[in-house]
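Let's take a walk through this fold together. Have a look at the chain first, and then we'll go through it piece by piece.

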Amino acid sequence: MSVKARRALVSVYDKSGIEDLVQALHAMDIEIISTGGTARAIRTAGVPCKDLSDITGFPEMLDGRVKTLHPRVHGALLARREDPEHMNTLDEHQIQPIDIVCVNLYPFEQTVAAPGCTFAEAIENIDIGGPTMLRSAAKNHASIYVLSSPAQYPEAIKLLRTKNGFIDPAFARTLAREVYRLTSQYDDAITAYLGCQIKN
């Protein structure tokens, strides 16, 4: 099933290249949803975006620990576009699909490698919402571009332009594979760090 990108969720720690990406998406009439500091960066670039809290109906909670963990986010990511029951469920709950996810993670490895990093600081830099969104989008990659690194933005922009905004299945699968490599490596780093804490 061919999917045309109409909505993008952009929430990144590393804001490298984000201005070019969101300007390109906006030029293709792709609606942008964002959070916190990313939303401010997008608006500074002159691109309009909706706050995710306006979509979910809930504000960010617990010092930002809870902002993307919501059915209006994950329903929009996990619904199979070719499944009428899934799409009817989205309609029933007034959820619009999300076609592009641009998320990168808190820098856990860099944080714990810094001199003087405390255990509390390390724990706060374990990203929960980011990996969850990445994995949800990657599972449904037949319909979604999931961008986990600024290095992927130029190719995504190029393909969206050349394919009239439609998702390219081969590129989408490559992006999904990278998500699972990345999140596996991320979990390994957390596991190793906690293991060292137990030994000590």
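Which residues does Ile42 touch, not counting residues up to four places away in sequence? They are Val10, Val22, Ile32, Ser34, Val47, Pro48 and Cys49, where contact means heavy atoms within 4.5 Å.

A word on what you're looking at: this is a predicted model, in which local features need pLDDT of at least 70 and side-chain atom pairs count only at pLDDT 80 or more, while totals for chains, interfaces and linings use all residues. Residues are numbered from 1 along each chain as its sequence is written, and side-chain values use heavy atoms, with hydrogens and water left out.

Back to Ile42, then. You'll find Ile42 in helix α2, residues 36-44; helices (H or I, at least four residues) and strands (E, at least two) are DSSP runs, numbered from the N terminus. At 0% relative accessibility, Ile42 counts as buried. Here buried means under 20% relative accessible area, exposed means over 50%, and partly exposed is in between, using a 1.4 Å probe and protein chains only.

What does β1 pair with? Strand β2 (residues 31-34) pairs with β1 in the parallel sense over four bridges, and there Leu9 stands opposite Ile33. Strand β4 (residues 100-103) also pairs with β1 in the parallel sense over four bridges, with Cys102 as the bridge partner of Val10. Two strands pair if DSSP finds at least two bridges between them. Together, β1, helix α1 (residues 18-27) and β2 make a right-handed β-α-β unit. Right-handed means that, with the strands pointing away from the viewer, the path from the first strand over the helix to the second runs clockwise.

Now for some loops. Most residues other than glycine have a negative phi. Asp29, in the loop between α1 and β2, has a phi near 60 degrees, a positive value, and at 70% relative accessibility Asp29 counts as exposed. Gln94 sits in the loop between α5 (84-92) and β4. The phi of Gln94 is near 55 degrees, and Gln94 is exposed, with a relative accessible area of 66%.

Last stop: a pair of helices. Helix α4 (residues 71-78) and helix α8 (residues 129-139) pack at an angle of about 30 degrees, with their axes 8 Å apart. The axes are lines fitted to C-alpha atoms, for helices over the stretch in contact, and angles run from 0 to 180 degrees between N-to-C directions. On the α4 side, Val73, His74, Leu77 and Leu78 meet Thr132, Met133, Ser136, Ala137 and Lys139 in α8. Helix α8 is mostly covered, with eight of its 11 residues buried, among them Met133, Ser136 and Ala137.
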